[in-house]
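Me: I'd like to learn how to read a model like this one. Can we go through it together?

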Amino acid sequence: MPLVLLLFLQWPLRDLFKGWSREANDLGQCVFALYVAVSLTAATRSGAHLASDALAHRHGERLRRALEIGLIVLGLLPWSLFLLIVGWPALLASLRVLESFPDTGNPGYFLIRASGFILAALVFASGLLGLLRRRA
């Protein structure tokens, strides 16, 4: 709801008050980035997100489990680890200066960079948990 409110307020702020619409937009971008970072991983873990099972549902449980483990090991873990390693220097640089939005100068752009890093960390943790769950 805060995101919807911020995005909705852009037009009245710009048209009626002649100001603060860019600030509402920047804050909306920060809220959206954090929301996506957390909700995408949560939806995937709960099974509410699109999954590879759409194609594998006709196969046996054993093959589906092998496919899931293979995709975690060959896809999710290496890719998220790559993003964590490559993104770490940019995240640190952004956090050190509390990077602002380039076009408006408003503070908070570092939250968008941090959200990408949070998403990669959550995907990596989710992959590890998925492997541990399959092992049990």
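**Starting at a loop**

Reply: Leu98 is partly exposed, because its relative accessible area is 48% (buried means under 20%, exposed over 50%, partly exposed in between, with a 1.4 Å probe and protein chains only). One caution: this is a predicted model, where local features need pLDDT of at least 70, side-chain atom pairs count only at pLDDT 80 or more, and totals for chains, interfaces and linings use all residues. Residues are numbered from 1 along each chain as its sequence is written, and side-chain values use heavy atoms, leaving out hydrogens and water.

Me: Where is Leu98 found? And what is its phi near?

Reply: As a general idea, most residues other than glycine have a negative phi. Here, Leu98 has a positive phi, near 50 degrees. Leu98 is in the loop between helix 4 and helix 5 (helices are DSSP runs of H or I with at least four residues, strands are runs of E with at least two, and both are numbered from the N terminus).

Me: Which residues does Phe110 touch? Is Phe110 buried or exposed?

Reply: Phe110 sits in helix 5 and counts as buried because its relative accessibility is 18%. Not counting residues up to four places away in sequence, Phe110 touches Ser94, Leu95, Leu98 and Glu99 (contact means heavy atoms within 4.5 Å).

Me: Which residues make up the largest nonpolar core?

Reply: In soluble globular proteins, nonpolar side chains tend to be buried together. A nonpolar core is a set of buried Ala, Val, Leu, Ile, Met, Phe, Trp, Tyr and Cys residues joined through side-chain atoms within 4.5 Å. The largest one here has 5 residues: Leu84, Leu91, Ala114, Phe117 and Ala120. Helix 4 (61–97) and helix 5 each give two or more residues to this core, and helix 5 gives the most, with 3. Leaving aside neighbours within four places in sequence, Phe117 is in contact with Leu84, Gly87, Trp88 and Leu91.

Me: At what angle do helix 2 and helix 5 pack?

Reply: Axes are lines fitted to C-alpha atoms, for helices over the stretch in contact, and angles run from 0 to 180 degrees between N-to-C directions. Helix 2 (residues 21–46) and helix 5 (residues 109–135) pack at about 5 degrees, with axes 9 Å apart. That makes the two helices roughly parallel (under 35 degrees; over 145 is roughly antiparallel, 65 to 115 roughly perpendicular and the rest oblique). Among the residues making the contact are Ala33 and Ala37 of helix 2 and Leu122 of helix 5.
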